[in-house]
Amino acid sequence: MRLRVLGACGAWPQAGQACSGYLLEHDGFRLVVDLGYATVPQLLRHVCAEQVDAVFVSHGHPDHCADLNPLLRARALRDDPPPPLPVYALPGALDAVLALDRPGMLAGAYELREVTDGGAFDVGPFRASTRLLPHSVPNAGVRLTAGGRTLVYTGDSGPSPDVVELARGADVLLAEATHVDEVPEGSRRHLSSARQAGRQAAAADVGRLVLTHLWPGTDPAAARAAAGAGYDGEVAVATTDLVLDLR
Ligand SMILES: [Zn+2]
């Protein structure tokens with residue numbers, strides 16, 4: 001399984017960057033996990049729009065799903081549109097982004113597949129299972145296994161035993177870490193710090209921790225150090241074009 005980071009900015013994309021988006025490839029199958037602001041231009045540097053085989057979206061915040069619209073336009077408006085794109089998301093999560101264009105314009109471009117808390121399903125060669133994790137809107141963390149390797153992605157989530165359960169023994173935990181140390185009072189239940197991500201990575205005994213969704217302007221070294229305080233394994237910070245081969 002290969003992970004390529006398309007973007008990893010929390011909240012809004014910085015110059016030349018993108019918000020949350022990850023291309024996962026295994027056996028020639030291309031699954032895009034989240035399509036935040038500005039991820040499609042990054043994606044198209046590596047694959048054509050019609051080469052994407054499936055999309056999974058963790059939740060309906062635009063820094064995680066806004067670029068579903070340009071991806072669907074790039075498929076639907078071709079002279080020879082590809083088959084509908086399977087899009088996995090929680091019920092209602094994509095209502096807003098799917099309403100951007102006039103009714104029906106993109107209807108043939110996608111096939112919505114609703115996911116449920118604790119549900120398990122196959123996406124091409126990937127075995128997927130989901131778990132609702134605490135955020136300000138419903139958010140599905142996902143555990144993806146292919147070729148004997150497992151990656152777990154939190155979406156956006158406050159600290160929770162459910163994160164640890166979902167991530168148990170994974171090769172890679174791709175964890176939202178909007179803040180370094182302290183999460184502001186109003187967000188404490190809905191977002192995490194790098195320090196908390198490190199503790200949860202240790203509790204879940206994961207092979208590697210990748211921090212993502214850092215607030216724009218955050219010092220990545222500070223985030224790595226905060227995570228490393230509670231976790232002995234390798235800690236990386238996701239940035240556009242970071243590639244990890246899980247084998
Ligand atoms: Zn969010």
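Donors are N, O and S atoms within 2.8 Å of the metal (3.2 Å for Na, K and Ca), and water is not among the atoms, so sites may look incomplete. Before you start clicking, know that this is a predicted model in which local features need pLDDT of at least 70, side-chain atom pairs count only at pLDDT 80 or more, and totals for chains, interfaces and linings use all residues. Residues are numbered from 1 along each chain as its sequence is written, and side-chain values use heavy atoms, with hydrogens and water left out.

**Stop 1: the zinc ion**

The protein donors are His59 through NE2, His61 through ND1, His135 through NE2 and Asp156 through OD, at 2.2 to 2.3 Å. Along the sequence, these donor residues follow the spacing H-x1-H-x73-H-x20-D.

Why is the arrangement of the 4 donor atoms irregular? The angles they subtend run from 90 to 167°, and that makes it irregular. For the cut-offs: four donors count as tetrahedral if all angles lie between 85 and 135 degrees; four count as square planar and six as octahedral if opposite donors are over 155 degrees apart and all others between 65 and 115; anything else is irregular.

Now colour by accessibility. Buried means under 20% relative accessible area, exposed over 50%, and partly exposed in between (1.4 Å probe, protein chains only). Histidine 59 is buried at 0%, while histidine 61 is partly exposed at 23%.

**Stop 2: glycine 60**

Next, pick glycine 60. You'll find this glycine in the loop between strand 4 (54-56) and helix 2 (62-65); helices (H or I, at least four residues) and strands (E, at least two) are DSSP runs, numbered from the N terminus. Glycine 60 is partly exposed, with 28% relative accessible area. Beyond its neighbours within four places in sequence, glycine 60 is in contact (heavy atoms within 4.5 Å) with Cys65, Ala93 and Val137.

**Stop 3**

Select leucine 90, in the loop between strand 5 (85-89) and helix 4. Leucine 90 is buried, at 10% relative accessibility. Setting aside neighbours within four places in sequence, its contacts are Ser58, Val115, Leu132, Pro138, Asn139 and Ala140.

Then move to valine 97, which is in helix 4 (residues 95-98). Valine 97 is buried too, with a relative accessible area of 9%. Leaving out neighbours within four places, valine 97 touches Cys65, Ala66, Leu68 and Asn69.

**Stop 4: serine 20**

Is serine 20 buried or exposed? At 0% relative accessibility, serine 20 counts as buried. Look for this serine in the loop between strand 1 (2-7) and strand 2 (21-26). Its contacts, not counting residues up to four places away in sequence, include Gly7, Cys9, Asp34, Thr39, Asp63, Tyr153 and His213.

**Stop 5: positive phi**

Most residues other than glycine have a negative phi, and most peptide bonds are trans. Click histidine 213, one of the contacts of serine 20: it has a positive phi of about 65°. Histidine 213 sits in the loop between strand 12 and helix 7 and is buried, at 4%.

Alanine 38 also has a positive phi, about 75°. This alanine is in the loop between strand 3 (29-35) and helix 1 (39-43), and is partly exposed at 25%.

**Stop 6: helices 6 and 7**

Finish by showing helix 6 (residues 194-204) and helix 7 (residues 220-228) as cartoons. Their axes (lines fitted to C-alpha atoms, for helices over the stretch in contact, with angles from 0 to 180 degrees between N-to-C directions) come within 7 Å and cross at roughly 40°. The two helices are therefore oblique to each other: angles under 35 degrees count as roughly parallel, over 145 as roughly antiparallel, 65 to 115 as roughly perpendicular and the rest as oblique.

Ala194, Arg195 and Gly198 of helix 6 meet Ala223, Ala226 and Ala227 of helix 7. The buried residues of helix 6 pack against helix 5 (161-167), strand 11 (172-176), strand 12 (208-212) and helix 7. Just after helix 6, select aspartate 205, where phi is positive at about 55°.
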